[in-house]
Amino acid sequence: TLRKPISQSSMADWASKNLNMHTQGIFRRRISISNMLSWNGGSIKKPMLITSNRAIKKEACEMFKLVQSYMGDRQARMDRNHVALVTVTKCWSMQGLRDELYIQLIRQTTDNMCYRSLAWGWELMAISLAFFSPSPKFQSYLEGYIYRHLDSDEKIAQHMKDLKNKKITKSRKKRKQNTEDEGLPISTYAKYCYRKLQKVAITGGKKGLRKPTVEEIMHARNAILTPSLFGSSLEEIMLRQQDMYPGNKLPWVQTQLSQQVLALGGEQTEGIFRIPGDIDEVNALKLQVDQWKIPNSLSDPNIPASLLKLWYRELEEPVIPQQFYKECISNYENPDAAVAVVQLLPELNRLVLCYLIHFLQIFAQPSNVGRTKMDVNNLAMVMAPNCLRCQSDDPRIIFENTRKEMSFLRMLIVHLDTSFIKGLV
């Protein structure tokens with residue numbers, strides 16, 4: 001279920017305060033807001049958004065050409081993957097360009113009469129959201145724009161049909177031949193973008209010093225149709241692995257990364273789970289894992305450990321579902337009650353959580369704590385935020401609950417019997 005957008009304000013409200021109004025003709029007449037927010041086949045001579053930054057002013061106009069090239073509205077010297085790479089890298093490197101890109105994409109996907117161009121515009125928005133979010137001020141307006149397209153397929157089809165009835169040209173046969181390659185329904189892109197926007201606004205985009213790569217661009221595009229193993233629900237992940245690992249009762253990604261940590265001597269590594277792995281290497285491993293591969297070249301246990309934490313943290317719903325949150329923080333000092341909560345969880349969540357606790361119990365053994373300097377309290381501290389999510393915005397409640405979350409997870413590491421997990425995959 002997709003929640004309604006935060007703001008019900010229209011894009012026009014935001015545009016009236018933030019658009020850098022363009023002019024046309026020898027009399028320099030102002031272009032209306034509706035025209036400023038409608039598809040444009042020409043170039044632009046100044047940014048869509050008001051800015052005093054000279055670099056952004058220059059880059060914004062070049063970026064508009066890149067958007068047109070990706071959408072097939074302008075001839076490009078590069079293939080579409082490289083057009084997307086240049087566009088995304090500009091915005092990833094220069095924060096001030098991000099809202100500019102999203103408003104350009106809104107413009108080029110509004111009243112666009114070519115379905116293929118429209119689909120590719122939405123595809124570029126989906127790819128961009130894998131790398132960076134809009135500014136907090138613009139987020140709710142972009143969210144509202146995407147939300148209005150969740151069920152827009154019939155309206156768009158009717159719009160195209162009306163136009164074809166008006167313009168019966170020689171190219172009509174050509175258009176009909178091209179319909180098979182027109183792209184996915186716009187609602188498919190919109191639903192993906194809507195979820196992705198809500199996620200990237202919380203977790204942030206691509207981190208690290210290494211610039212985006214073509215492989216990451218292709219991965220972001222493929223994720224529209226094939227959801228990533230990161231950020232999906234447990235049910236979706238299990239459904240996806242059904243063909244490859246039909247006998248597995250646990251997510252392949254969970255068990256493989258856990259085993260990698262142990263295979264690389266993680267239980268003897270000081271600061272494991274506390275010291276982050278190199279972010280660029282973690283990103284590279286994430287790409288491999290999303291293709292169901294574990295490279296043989298890994299040597300630092302902190303890399304799979306960091307990715308494992310990320311997998312738990314990015315689950316669509318936490319391992320301990322939201323409806324059990326109150327019971328968890330109410331029973332943070334009672335071992336029996338804490339264990340009883342685990343038994344109430346849905347079967348898949350219970351198995352995933354028990355596997356995690358069994359894994360942490362290995363590190364909590366005194367012989368390993370001496371080497372890792374990560375006792376049960378430290379393990380609970382670094383792992384609790386990845387299993388439980390406080391929904392409050394009140395800093396005092398968050399602070400108070402953080403302590404209870406840690407204590408609850410500590411109870412499970414010390415008291416939960418996970419012996420049945422051995423041999424379960």
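Student: How many residues of domain 1 are in contact with domain 2, and how many of domain 2 with domain 1?

Tutor: Eleven residues of domain 1 touch seven of domain 2, where contact means heavy atoms within 4.5 Å. This is a predicted model, in which local features need pLDDT of at least 70 and side-chain atom pairs pLDDT 80 or more, while totals for chains, interfaces and linings use all residues. Residues are numbered from 1 along each chain as its sequence is written, and side-chain values use heavy atoms, without hydrogens and water.

Student: Where are the domain bounds?

Tutor: Domain 1 is 8-166 + 185-225 and domain 2 is 234-423; the bounds come from an automatic or database domain assignment.

Student: How much area do the two bury between them?

Tutor: About 820 Å², 54% of it on carbon and sulfur atoms. Buried area is the accessible area (1.4 Å probe) that two parts lose on being put together, summed over both. On the domain 1 side, Lys199, Arg210 and His219 lose the most, together 49% of what that side buries.

Student: Changing topic, which residues does the UniProt Rho-GAP annotation cover?

Tutor: The unreviewed UniProt entry places "domain: Rho-GAP" at 232-420; such annotations may be inferred rather than shown by experiment. The end C-alpha atoms of residues 232-420 lie 27 Å apart.

Notes. Helix = DSSP H or I, 4+ residues; strand = E, 2+ residues; numbered from the N terminus.
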